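Please look over the sequence and structure below before reading on.

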Amino acid sequence: MTTLDQPAVPVIRTRELTRTFHVGDVDVLALRRVDLTITRGEFVAIMGSSGSGKSTLMAILGCLDRPTSGQYFLEDVDVAGLSETALAAVRSEKLGFVFQSYNLLARTSAMENVELPLIYAPSPVSGGERSSRARESLKLLGLADRERNTPGQLSGGQQQRVAIARALINSPSILLADEPTGNLDTRTSHDIMNTLTALNRERGLTIVLVTHEADIA
């Protein structure tokens, strides 16, 4: 059987995923029975207006929150029932995160920012290996000459590339990007999208991206 004949492998499956928040005496329904299947190597855009539940869905997919009801299978594991320790391991080993606000440490160099996930990884990583992997990740994102710069010495687009390099440091199988171009101008946004597209096509990385912009989607 050739590769083309093989069925697509789901890496994310949700069944009737529901999330309700209790705000005072009011129940706010953020997600209502969401069924979603994402196969390995897909690049998926999740669109919706502000308050439609996009970030809530991403938090659950990223194992940062739990559904009120329903099921979430990540690579065929029902993660909704895992312990906090097991969820932390899943986040560290399988998922990479990119956010709108970059979330970089202001007084820390680009390379040190990229190294951070390795410092907190469940399995110890030596300082030399951390530096080597961070340097390689920055090189992949075209920032080999910026490893010693702090975020304040980088443009918005460069800061987001550092954030992407950090997300890739553990070689995740899935990249979750929540409004990754939200703070960038149009040209820089397209550059970042080209970078993500290349990662998807050339490395086979599964990417789930939240956006409210139709052109980005």
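Which residues does V162 touch, not counting residues up to four places away in sequence? In this predicted model, V162 touches L104, A110, N113, V114, L138, L143 and L154. V162 is also among the residues with the most contacts inside the largest nonpolar core.

**Nonpolar cores**

- The largest nonpolar core is made up of 31 residues.
- V114, L138, V162, I164, L175 and L196 have the most contacts inside this core.
- At least two residues of this core come from each of the helices α3 (110–119), α4 (127–140), α5 (156–168) and α6 (186–203), and from each of the strands β7 (174–178) and β8 (206–211).
- Helix α5 gives the most to this core, supplying six residues.
- Another core lies apart from the largest one and has 24 residues, including I12, L17, Y72 and V90.
- In soluble globular proteins, nonpolar side chains tend to be buried together.

**Largest pocket**

- The largest pocket holds about 480 Å³ of space.
- Its lining has 17 residues, and R91, F97, L116, P117 and R166 are the ones that lie nearest the centre of the pocket.
- Two or more lining residues come from each of α2 (84–94), β6 (95–99), α3 and α5.
- Strand β6 gives the most to the lining, with four residues.
- Sorted by class, the lining has eleven nonpolar, four polar and two charged residues.

**Elements in both lists**

Methods:
Residues numbered from 1 in each chain as written. Predicted model: local features only at pLDDT ≥ 70, side-chain atom pairs only at ≥ 80, totals over all residues. Heavy atoms only, no water. Core = buried A, V, L, I, M, F, W, Y, C linked by side-chain atoms within 4.5 Å. Buried < 20%, exposed > 50% of the residue type's maximum accessible area, 1.4 Å probe, protein only. Contact = heavy atoms within 4.5 Å. 1 Å grid on protein atoms, 1.4 Å probe; cavity = no way out; pocket = protein on both sides within 12 Å on 5 of 7 lines; lining within 4 Å. Points joined across faces, edges and corners; volume = space filled by probe spheres on them. Nonpolar A, V, L, I, M, F, W, Y, C, P; charged D, E, K, R; others polar.
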